[in-house]
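Here is a short tour of one protein chain. Keep the sequence and the 3D view side by side as you read.

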Amino acid sequence: MLGLTSCQKKAAQNTALPPTPVSVAEAKTAEAIYYDQYQGAVVALNSVELRSEVSGFITGIFFKEGDVVPKGKELYEIDRRKYEAAYQQAEANLLSADANLIKAQKDIDRYTMLLKNDAVATQTVDQAQAAYETGKAQVAVAKAGVLSAKTDLSYSIITAPFTGRIGISQVKLGAQVSPGTTLLNTISSEHPIGVDVVINEQDINRFYKLQKSGTDSTFRLQLSDGSNYNKAGKVLAIDRGVASGTGTIKVRIQFPNEEDVLKDGMSCVLNVLNSESGERVQIPYKAISEQMGEFFVFVSQDTIAKQHKVKLGPRIGSDVVIMSGVEAGDKVITDGFQRLRDGGKITLGNPSPQAPGKPAK
């Protein structure tokens, strides 16, 4: 019986699996610049719908649609004739009220002198004084009428409230407009311009710190066509509070836009520089294996393969950043690890093709 057991042990030794041929790569430390991505939308920092404050017919349009118009430029004219007439009438009413007030003042002066000589009744003086006070009130009313008529007259010319690009006119010459309801056009500023993103409340402190630092190298834009916007941005504003139910908050990033590349309403991706960017350990991504949501690599230690659990950072080309689990200089197995177990023997060489029916994990 003992002789049989000894023979079995010798046979097992003679049939032991040979070392697994593998390829290795050295973990290296390299600059890792990477960004967190947020879906964003371009918004004008100033955008106004132009509406009339008086009624009438459009008698003038003084701009080219789609142009940048300077602040104060005349854009639309509404028929001014009745407003000019109302203004002239209001000025005439003021002149009449002023004349009546002067006459009332003279009556007071005359009756007061006569009263000193007992040549007029006190009641007459009192009546003159009341007429004077009424005259003053009429002058005040007339001045208010002039101001109202002048305001209406000014509203008949609609000007640009700020420098910006004006859109396609919503009305044509001769169209009738109503105060406060008829949309004439929209004008929006272009430089600088904003990008709105929605972030989780866990990131609020991060963005507050970025706002205080005022840095303009943290934010980059990727446009909807895949191209990158070559200007840096900075935090302009963070909304007043977190939206209930979603746990999110809106942040507005400001970008220069001298060349008018960014348009109000465009979609984009905001890339925010990750605070962990810098010199990081990197290995080929193909060395990574996944098991039940966790990531592992095999590290060569002479002729033994040791399995290490790793925490992954972002991918950079064909490499991946390793946040923990592997040190710079470690030799990670990139090929042939599919048939390895922790502590298995290895030899450097050309790994043979994977056996059928044994897919890599």
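Helices (H or I, at least four residues) and strands (E, at least two) are DSSP runs, numbered from the N terminus.

## The model

This is a predicted model: local features need pLDDT of at least 70, side-chain atom pairs count only at pLDDT 80 or more, and totals for chains, interfaces and linings use all residues. Residues are numbered from 1 along each chain as its sequence is written, and side-chain values use heavy atoms, with hydrogens and water left out.

pLDDT is the predictor's confidence in each residue, from 0 to 100. The protein's mean pLDDT is 82. A value of 70 or more is reached by 88% of its residues. Residues 354-361 stay under 50. For that stretch the model has 8 contacts (heavy atoms within 4.5 Å) beyond four places in sequence. Where pLDDT is low, the predicted coordinates should not be read in detail.

## A buried loop residue

Find L340 in the loop between strand 22 (331-335) and strand 23 (344-348). Is L340 buried or exposed? Buried means under 20% relative accessible area, exposed over 50%, and partly exposed in between (1.4 Å probe, protein chains only). L340 has a relative accessible area of 10%, so L340 is buried.

Which residues does L340 touch, leaving aside those up to four places away in sequence? They are T20, V22, F298, A305, I333, K345 and I346. T20 is 320 residues away from L340 along the chain, yet their C-alpha atoms are separated by 7.5 Å.

## Strand 11 and its partners

Two strands pair if DSSP finds at least two bridges between them. Strand 11 (residues 183-188) runs antiparallel to strand 4 (residues 47-51), and 5 bridges join them. Here N185 of strand 11 stands opposite L50. Strand 9 (residues 164-166) is also antiparallel to strand 11, with 2 bridges. In this pair, I166 has I187 as its bridge partner.

## Two nonpolar cores

A nonpolar core is a set of buried Ala, Val, Leu, Ile, Met, Phe, Trp, Tyr and Cys residues joined through side-chain atoms within 4.5 Å. The largest one has 31 residues. I58, V69, L75, Y76 and L184 have the most contacts inside it. Strand 7 (74-78), helix 2 (81-116), helix 3 (122-155) and strand 11 each supply at least two of its residues. Helix 2 gives the most, with 8 residues. Apart from this core lies another, of 23 residues, including V42, I238, I249 and C268.

## Helix 4

Look next at helix 4 (residues 204-213), whose buried residues are I204, F207 and L210. Seen down the helix axis, they fall within an arc of 125 degrees, so they line one face. The arc is that of the directions from the helix axis to the C-beta atoms. An α-helix has 3.6 residues a turn, so residues three or four places apart point the same way.

On the other side of helix 4, N205, K209 and K212 are exposed. The buried residues of helix 4 pack against several strands, among them strand 3 (35-43), strand 13 (219-223) and strand 14 (228-238).

Most residues other than glycine have a negative phi, and most peptide bonds are trans. D260 has a positive phi of about 60 degrees, and so does D302, also at about 60 degrees. D260 is buried, with a relative accessible area of 17%. D302 is exposed, at 74%.

H191 and P192 are joined by a cis peptide bond, with omega about -5 degrees. P192 lies in the loop between strand 11 and strand 12 (193-200).
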